[in-house]
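My entries follow in the order of the look-ups.

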Amino acid sequence: MLRYYRYVNTNNETINPPFNPQRLNPEHRKSRREPLLFHPNEVARFARDGMGITTL
């Protein structure tokens, strides 16, 4: 099982860090208590550009 948390664009000091094309960027949150959510397009972008995964 891969541990994707290493690749997520999060920061303990900032709720919504700026976009980082090298990382998986979560949706914007209003508070730290909100769960991290990822748009399907962002997950696909990260899989393609960040991890080099392509579809068959």
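These are my notes, from the whole chain down to single residues.

**Conventions.** I am working on a predicted model, where local features need pLDDT of at least 70, side-chain atom pairs count only at pLDDT 80 or more, and totals for chains, interfaces and linings use all residues. I number residues from 1 along each chain as its sequence is written, and side-chain values use heavy atoms, without hydrogens and water.

**Whole chain.** I looked up the secondary structure and found 1 helix and 0 strands; helices (H or I, at least four residues) and strands (E, at least two) are DSSP runs, numbered from the N terminus. I then checked burial: 18% of the 56 residues count as buried, where buried means under 20% relative accessible area, exposed over 50%, and partly exposed in between (1.4 Å probe, protein chains only). The accessible surface is about 5,000 Å², and 53% of that belongs to carbon and sulfur atoms; the areas come from the Shrake-Rupley method with a 1.4 Å probe, and for residues only the protein chains shown count as cover. For contacts (heavy atoms within 4.5 Å), I took those between residues at least 6 apart in sequence and noted that 16% join residues at least 24 apart.

**Arg29.** I found Arg29 in the segment before H1. Is Arg29 buried or exposed? Its relative accessible area is 16%, so Arg29 counts as buried. Leaving aside neighbours within four places in sequence, I list its contacts as Ile15, Asn16, Glu34, Pro35 and Leu36. Of these, Asn16 is 13 residues away in sequence, with a C-alpha to C-alpha distance of 6.6 Å. I also noted a polar atom of the Arg29 side chain 3.0 Å from the backbone oxygen of Glu34.

**Aromatic rings.** I counted rings of Phe, Tyr and Trp (its six-membered ring) as paired if their centres lie within 6.5 Å, with planes under 30 degrees apart stacked, over 60 edge-to-face and the rest tilted. The count comes to 1 aromatic pair. The ring centres of Tyr7 and Phe46 are 6.2 Å apart and the planes stand at 45°, so I logged the pair as tilted. Tyr7 is in the segment before H1 and Phe46 in helix H1, so the pair ties together parts 39 residues apart in sequence. Phe46 is buried at 5% relative accessibility, whereas Tyr7 is partly exposed at 38%.

**Met51.** Last, I placed Met51 in the segment after helix H1 (40-50). Met51 counts as partly exposed, at 32% relative accessibility.

Note on methods
A polar contact is a pair of N or O atoms within 3.5 Å; within protein, one must be able to donate a hydrogen and the other to accept it, and residues adjacent in sequence count only if both atoms are side-chain atoms.
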